[in-house]
Amino acid sequence: MSGFPAILAESVLNTGFLVALIATAIAGLMRGYSGFGTAILLAPVFSTLWGPKAGVPVVLLMELLVSAQLLPRALGEADRRMVIPIGLAAVLAMPIGSLVLLAADGVLLRRAIGLLVLVFGIVLLSPWRYRGERPLGLNLVVGAISGLLKGSTGMSGPPVIFYFLSGPEEARRHRANFILFFGVIGVASIFPPLLAGLIDAPALIRSVALIPPLLLCVRTGSRLFHVIPVAWYRRFAFGALIAAGGIALLG
């Protein structure tokens with residue numbers, strides 16, 4: 001077997017892709033409900049299945065389309081004066097993170113992704129939140145750190161999620177802020193791996209196969225936002241993050 005059939009079989013016709021499909025469904029529910037969760041859950045799983053250089057581009061492509069689906073409704077509810085500077089700082093720092101993705105050892109980077117997700121899951125479940133002020137300078141620092149993480153691991157979420165959740169806004173406003181931020185950086189995140197040749201035929205095939213179930217689960221998660229209590233969601237998200245981080249760290 002050679003040519004396109006071989007690439008197709010290697011990309012999606014295997015047990016690993018079934019694992020990716022299950023993780024995608026869970027990530028879609030998380031993203032639709034809370035406004036975040038796609039990259040944080042999928043980056044460690046995809047990096048374990050295919051390696052960071054093959055897995056991260058798939059995460060970025062999927063994240064872009066999810067953001068496009070959720071963005072229109074969130075624009076009117078988000079705090080644009082805070083979110084847009086953070087997003088622009090992330091965009092400027094992202095190419096530096098992409099250099100890390102290209103140069104780092106794949107196993108070490110995969111384990112670093114897993115460790116980051118584990119720490120994030122533990123802190124998310126804890127009652128700790130940053131309660132200080134959010135001036136422009138700090139906004140830019142948080143955005144730059146998120147951009148570095150986005151370029152190197154496909155995950156910009158942890159710093160921004162902690163930071164946004166520090167505010168007194170209601171859950172709907174937090175969710176809109178997340179969606180706007182991920183929408184701002186979604187388009188820019190594609191260019192570094194595209195220019196580096198990482199968005200190849202297997203990445204496109206996997207993305208095309210995974211995006212429909214992802215979008216369906218995102219829509220389902222959006223509806224569950226009005227039904228399921230936040231406390232239930234936090235337990236579910238914590239379990240998923242711990243599982244994904246553990247797989248990447250120990251796999």
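## Terms and model

Contact means heavy atoms within 4.5 Å. This is a predicted model: local features need pLDDT of at least 70, side-chain atom pairs count only at pLDDT 80 or more, and totals for chains, interfaces and linings use all residues. Residues are numbered from 1 along each chain as its sequence is written, and side-chain values use heavy atoms, leaving out hydrogens and water.

Ser 207 touches Val 58 and Leu 61, residues up to four places away in sequence not counted. Ser 207 sits in helix 10 (residues 201-224); helices are DSSP runs of H or I, at least four residues, numbered from the N terminus. At 3% relative accessibility, Ser 207 is buried (under 20% relative accessible area, 1.4 Å probe, protein chains only).

Val 66 belongs to helix 4 (residues 52-74). Val 66 is also buried, at 0% relative accessibility. Beyond neighbours within four places in sequence, Val 66 contacts Arg 31, Thr 38, Leu 214, Leu 215 and Val 218.

## Helix 8

Helix 8 (residues 157-165) has 9 of its 9 residues buried, so the rest of the structure largely encloses it. Among the buried residues are Pro 158, Pro 159 and Phe 164. The cover includes helix 3 (38-50), helix 5 (80-103), helix 6 (106-125), helix 7 (136-153) and helix 9 (171-195).

Leaving aside neighbours within four places in sequence, the contacts of Phe 164 include Met 82, Ile 86, Arg 134, His 174 and Phe 181.

Key. Helices (H or I, at least four residues) and strands (E, at least two) are DSSP runs, numbered from the N terminus. Buried means under 20% relative accessible area, exposed over 50%, partly exposed in between (1.4 Å probe, protein chains only).
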